[in-house]
Amino acid sequence: MKKRQVVVKKDCSGRSSSSSTSSSVVRTVRYAECQKNHAANIGGYAVDGCREFMASGEDGTNGALTCAACGCHRNFHRREVETEVVCEYSPPTSNP
């Protein structure tokens with residue numbers, strides 16, 4: 001399994017008082033296939049084939065951390081983080 005590292009770099013240089021720039025970082029977390037080894041106690045390797053985490057309860061409850069498809073805890077599912085930087089820029093206004 002490859003580890004991914006997401007680096008968000010914010011450049012604040014070049015700002016002038018007559019222009020305004022605002023940026024925000026939006027992170028979306030998704031849990032993919034289950035990676036729990038069900039045959040670890042007998043020295044083998046077998047996963048159950050669950051392709052995506054589906055919470056068995058509402059957010060804020062214990063059921064939100066348990067997969068409805070395979071019954072495993074959410075930590076056994078591969079975590080995918082998508083990071084998006086949204087920048088809003090207003091060009092400088094010219095004052096004659």
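The questions and answers below go from the whole chain to single residues.

Analyst: This is a predicted model, in which local features need pLDDT of at least 70, side-chain atom pairs count only at pLDDT 80 or more, and totals for chains, interfaces and linings use all residues. Residues are numbered from 1 along each chain as its sequence is written, and side-chain values use heavy atoms, with hydrogens and water left out.

User: How many helices and strands does the chain have?

Analyst: Helices (H or I, at least four residues) and strands (E, at least two) are DSSP runs, numbered from the N terminus. Counted in this way, the chain has 0 helices and 2 strands.

User: What percentage of the residues in the chain is buried?

Analyst: A residue is buried under 20% relative accessible area, exposed over 50% and partly exposed in between, with a 1.4 Å probe and protein chains only. The chain has 96 residues, and the buried share of them is 12%.

User: Is His 77 buried or exposed?

Analyst: His 77 belongs to strand 2 (residues 77-90). Its relative accessibility is 4%, and therefore His 77 counts as buried.

User: Which backbone oxygen does the side chain of His 77 reach?

Analyst: A polar contact is a pair of N or O atoms within 3.5 Å; within protein, one must be able to donate a hydrogen and the other to accept it, and residues adjacent in sequence count only if both atoms are side-chain atoms. A polar atom of the His 77 side chain lies 3.5 Å from the backbone nitrogen of Cys 34. At 2.9 Å, the His 77 side chain reaches the backbone oxygen of Ala 32.

User: Which residues does Cys 67 contact, leaving aside neighbours within four places in sequence?

Analyst: Cys 67 is placed in the loop between strand 1 and strand 2 and is buried, at a relative accessible area of 2%. Contact means heavy atoms within 4.5 Å. With those neighbours left aside, the contacts of Cys 67 are Cys 50, Glu 52, Phe 53, Met 54, Cys 72 and His 77.

User: What is the geometry of the pair of rings of Tyr 31 and Phe 53?

Analyst: Rings of Phe, Tyr and Trp (its six-membered ring) pair if their centres lie within 6.5 Å; planes under 30 degrees apart count as stacked, over 60 as edge-to-face and the rest as tilted. The count by this rule is 1 aromatic pair. The ring centres of Tyr 31 and Phe 53 are 6.0 Å apart and the planes stand at 65 degrees, so the pair is edge-to-face.
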